[in-house]
Amino acid sequence: MVKISFEFDKDQFRKAILKAAQEQLAKRARACKCPRHRQYPEVITTSEPASNRFSLEIDGCCDVLLSQVKKKLGIQEKEENGN
Ligand SMILES: [Zn+2]
């Protein structure tokens, strides 16, 4: 049996979690496809490990695709969306 173990300090652990979450969300977003235009969203991930910032930017052809992505990522749409 082979075993690997990693040790993280608190900061490394947080970074690892954030990065994993970011990758997971990006992967889910990229799996979405617009039913109208048959296009995939453009997913841009940005990470600044030094400041613990990991962000995700998603561009899509239309609202249909973007709301599908949000649903997939479990992002709740705000009711009061003043646009
Ligand atoms: Zn579309």
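Mentor: Helices (H or I, at least four residues) and strands (E, at least two) are DSSP runs, numbered from the N terminus. This model is predicted, so to speak of a local feature we need pLDDT of at least 70, and side-chain atom pairs count only at pLDDT 80 or more, while totals for chains, interfaces and linings use all residues. Residues are numbered from 1 along each chain as its sequence is written.

Trainee: Okay, in what order do the elements of the protein run from the N terminus on?
Mentor: Count them up and you get 2 helices and 2 strands. Read along from the N terminus, they come in the order α-β-β-α.

Trainee: Is the protein a compact globule or more spread out?
Mentor: Compare the radius of gyration (over C-alpha atoms) with the globule rule, 2.2 Å times the number of residues to the power 0.38. The protein has 16 Å, well over the 12 Å that the rule gives for 83 residues, so it is more spread out.

Trainee: Which element has the highest mean pLDDT?
Mentor: pLDDT is the predictor's confidence in each residue, from 0 to 100. The protein averages 90, and 93% of the residues score at least 70. Among the elements, α1 has the lowest mean, 92, and the highest, 95, belongs to α2.

Trainee: How do strands β1 and β2 pair, and over how many bridges?
Mentor: Strands pair if DSSP finds at least two bridges between them. Here β1 covers residues 42–48 and β2 residues 53–59. Glu42 stands opposite Asp59, and Thr45 has Leu56 as its bridge partner. The sense is antiparallel, and the count is 7 bridges.

Trainee: Which residue in the turn of that hairpin has a positive phi?
Mentor: The hairpin leaves 4 residues between β1 and β2. One of the residues in the turn has a phi of about 60°, although it is not a glycine. That residue, in the loop between β1 and β2, is Asn52.

Trainee: Where is Arg38 found?
Mentor: Arg38 is another non-glycine with a positive phi, near 55°. With 9 C-beta neighbours inside 10 Å, it counts as exposed. As for its place, Arg38 sits in the loop between α1 and β1.

Trainee: Is Lys10 buried or exposed?
Mentor: Buried takes 20 or more other C-beta atoms (placed from the backbone) within 10 Å of a residue's own, exposed 12 or fewer, and partly exposed is in between. Lys10 lies in helix α1. It has 7 such neighbours, so Lys10 is exposed.

Trainee: What is the count of buried residues in β1?
Mentor: In the protein as a whole, buried residues make up 10% of the 83. β1 is hardly covered: among its 7 residues, the count is 0.

Trainee: Which residues make up the largest nonpolar core?
Mentor: A nonpolar core is a set of buried Ala, Val, Leu, Ile, Met, Phe, Trp, Tyr and Cys residues joined through C-beta atoms within 7 Å. Here it has 6 residues: Leu25, Ala29, Cys32, Ile58, Leu65 and Val69.

Trainee: And which elements give two or more residues to this core?
Mentor: Two helices qualify, one covering residues 10–30 and the other 63–73. They are α1 and α2.

Trainee: Which residues is Val69 in contact with, leaving aside its neighbours within four places in sequence?
Mentor: Contact calls for C-beta atoms, placed from the backbone, within 7 Å. Val69 belongs to the largest nonpolar core. Its partners are Ala29, Cys32, Pro41, Ile58 and Gly60.

How values were computed. Contact = placed C-beta atoms within 7 Å.
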